[in-house]
Amino acid sequence: MSELKLYGYWRSSATYRVRLALEIKQLSYQQFPVDLIAQGGEQHSEVFHQLNASELVPVLVDGDFVLNQSLAIIEYLDDHYPQSRLIPVSGEAKYRVLSLAHDIAMDIHPLNNLRVLQYLSQNLAVDEPKKTQWYQHWIAVGFRAIEEKLTISAGQYCIGDALSLADICLIPQVYNAERFAVDMSPYPNMMRITQMLRERADFHSAAPESCR
């Protein structure tokens, strides 16, 4: 079996999700940093463009197979390395996990992606306070809904008592919210799960500060 290669940025939420999946599954992988900030962003280089024409991280390479999009990568890992599955194989639990993961990865995260924030600053001349206001507003809109859903779905984890893709999406989004000084006190369910998961060795290994 060839060693997995992960191209990503240490603070990228999407890359963080994939690192969590790899660590939880205890898979050996080599990290290839792609600096999204320096010199206009290495993601725009010709070399990286050949890996992913979308010029976004992460990208996973498994032998001669190249795949982008964090949720697709994690589903691929579940199918090909099924230890510690993160998406239930079938049943209602599968769709509950996917639904909550999509709430975070598809509705909350894209509005606060780096390229969106850069466009606000560089193209629309939005100043830093207003850019932060934009970030905090959309996080609050999304987090209020997630917190309400967790009152129904959560057990030990986001969906019942099994660690899942939903948890893997939650942790990076909370990390980013804290970076932008979002008040997390209205979200006790989210913070209970976050604090518990941060105590796990695999989550610590995947944390941004462990990957600089």
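**Hairpin S3–S4.** I began with the turn in this predicted model. Strands S3 and S4 form a hairpin with 2 residues between them, and I noted that Gly63 in the turn has a positive phi of about 70°. The two strands run antiparallel and are joined by 4 bridges; S4 spans residues 65–68. I found Val61 standing opposite Val66 in S4.

**S3 and its other partner.** I then looked up strand S1, residues 4–8, which also runs antiparallel to S3 and is joined to it by 3 bridges. In this pairing Tyr7 stands opposite Val59.

**Nonpolar core.** I next examined the largest nonpolar core, which holds 68 residues. Leu77, Phe143, Leu165, Met184 and Met190 touch the most other members. Helix H7, residues 165–179, supplies the largest share of this core, with 9 residues.

**Leu77.** I listed the contacts of Leu77, leaving aside its neighbours within four places in sequence. Leu77 is in contact with Leu4, Ala21, Leu22, Lys25, Leu27, Leu60 and Pro82.

**Helix H8.** Lastly I checked helix H8, residues 188–197. Its buried residues are Asn189, Met190, Met191, Ile193, Thr194 and Leu197. I found that they pack against H6 (128–153), H7 and H9 (201–206).

Conventions. Residues numbered from 1 in each chain as written. Predicted model: local features only at pLDDT ≥ 70, side-chain atom pairs only at ≥ 80, totals over all residues. Heavy atoms only, no water. Pairing = 2+ DSSP bridges. Core = buried A, V, L, I, M, F, W, Y, C linked by side-chain atoms within 4.5 Å. Buried < 20%, exposed > 50% of the residue type's maximum accessible area, 1.4 Å probe, protein only. Contact = heavy atoms within 4.5 Å.
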